[in-house]
Amino acid sequence: MKSWLLSFLLCLAAASAQAGELVMFGFEGCPYCAAWNRDIGQNYDKSDLAPLLPLRRIDIKAPRPAGYENIADIRISPTFVILACGEEVERILGYRDNGSFWDLMDIAANKARKREQQGKC
């Protein structure tokens with residue numbers, strides 16, 4: 001009985017951890033993607049937002065992976081799409097600098113948290 005409960009709780013934790021996601025659309029050779037990778041990407045997984053919005057990278061020029069086909073109008077690289085409960089809640093177009101990105105991410109993370117707190121997952 002205890003092992004079943006532990007498994008159930010671990011599944012719940014995994015599901016809630018994956019309720020949100022930061023999806024980065026970019027391509028090899030994109031100078032703005034390279035700047036983002038240098039300034040933020042190499043340490044994003046250590047940020048406060050990484051547990052709420054884990055990073056997934058998708059090549060803008062490749063076919064979309066399953067589950068991401070409905071994200072439309074990706075024309076700028078990089079484009080950051082913030083998902084909560086499987087739905088887009090915010091989009092950041094391009095990369096300017098570290099400060100601007102984190103300011104926009106704070107806004108996006110608040111929207112993602114609100115969506116998840118509404119229980120729409």
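Predicted model: local features only at pLDDT ≥ 70, side-chain atom pairs only at ≥ 80, totals over all residues.

Visitor: In what sense do β1 and strand β3 pair?

Guide: β1 and strand β3 (residues 79-84) pair in the antiparallel sense, over six bridges. Residues are numbered from 1 along each chain as its sequence is written, and side-chain values use heavy atoms, with hydrogens and water left out.

Visitor: What makes β1 and β2 a pair of strands?

Guide: Two strands pair if DSSP finds at least two bridges between them. β1 and strand β2 (residues 55-59) have five bridges and pair in the parallel sense, so by the rule of at least two bridges they are a pair. Gly-26, for example, stands opposite Asp-59 in β2.

Visitor: How are helices and strands assigned and numbered?

Guide: They are DSSP runs, H or I of at least four residues for helices and E of at least two for strands, numbered from the N terminus. The protein chain has three helices and four strands, and their pattern along the sequence is α-β-α-β-β-β-α.

Visitor: Which elements make the right-handed β-α-β unit?

Guide: That unit is made by β1, helix α2 (residues 31-39) and β2. Right-handed means that, with the strands pointing away from the viewer, the path from the first strand over the helix to the second runs clockwise.

Visitor: How many residues of β1 are buried?

Guide: Seven of the seven residues in β1 (residues 20-26) are buried, so the strand is mostly covered. The cut-offs are under 20% relative accessible area for buried, over 50% for exposed, and partly exposed in between, with a 1.4 Å probe and protein chains only. Gly-20, Leu-22, Met-24 and Gly-26 point one way from β1, while Glu-21, Val-23 and Phe-25 point the other way. In the protein chain, buried residues make up 36% of the 121 residues.

Visitor: Which residues does Leu-22 touch?

Guide: Leaving aside residues up to four places away in sequence, its contacts (heavy atoms within 4.5 Å) include Tyr-44, Leu-53, Phe-80, Ile-82, Phe-101 and Met-105. Leu-22 is also among the residues that touch the most other members of the largest nonpolar core, which has 23 residues. The elements that give two or more residues to this core are β1, α2, β3, β4 (87-93) and α3 (98-117). The largest share, five residues, comes from α3. Another core, of eight residues, lies apart from it and includes Val-23, Phe-25, Tyr-68 and Ile-71.

Visitor: What makes a set of residues a nonpolar core?

Guide: Its members are buried Ala, Val, Leu, Ile, Met, Phe, Trp, Tyr and Cys residues, joined through side-chain atoms within 4.5 Å. In soluble globular proteins, nonpolar side chains tend to be buried together.

Visitor: How many aromatic pairs does the structure hold?

Guide: There are six aromatic pairs. Rings of Phe, Tyr and Trp (its six-membered ring) pair if their centres lie within 6.5 Å; planes under 30 degrees apart count as stacked, over 60 as edge-to-face and the rest as tilted.

Visitor: Why is the pair of Tyr-44 and Trp-102 called stacked?

Guide: The ring centres of Tyr-44 and Trp-102 are 6.1 Å apart and the planes are at 5°, so the pair is stacked. Because Tyr-44 lies in the loop between α2 and β2 and Trp-102 in helix α3, the pair ties together parts that are 58 residues apart in sequence.

Visitor: Are Tyr-44 and Trp-102 buried or partly exposed?

Guide: Tyr-44 has a relative accessible area of 2%, so Tyr-44 is buried. Trp-102 has 23%, so Trp-102 is partly exposed.

Visitor: What makes Gly-67 count as exposed?

Guide: Gly-67 counts as exposed because its relative accessibility is 66%. Gly-67 is found in the loop between β2 and β3.

Visitor: Is Cys-85 buried or exposed?

Guide: Cys-85 has a relative accessible area of 17%, so Cys-85 is buried. Cys-85 is found in the loop between β3 and β4, and has a positive phi of about 55° although it is not a glycine.
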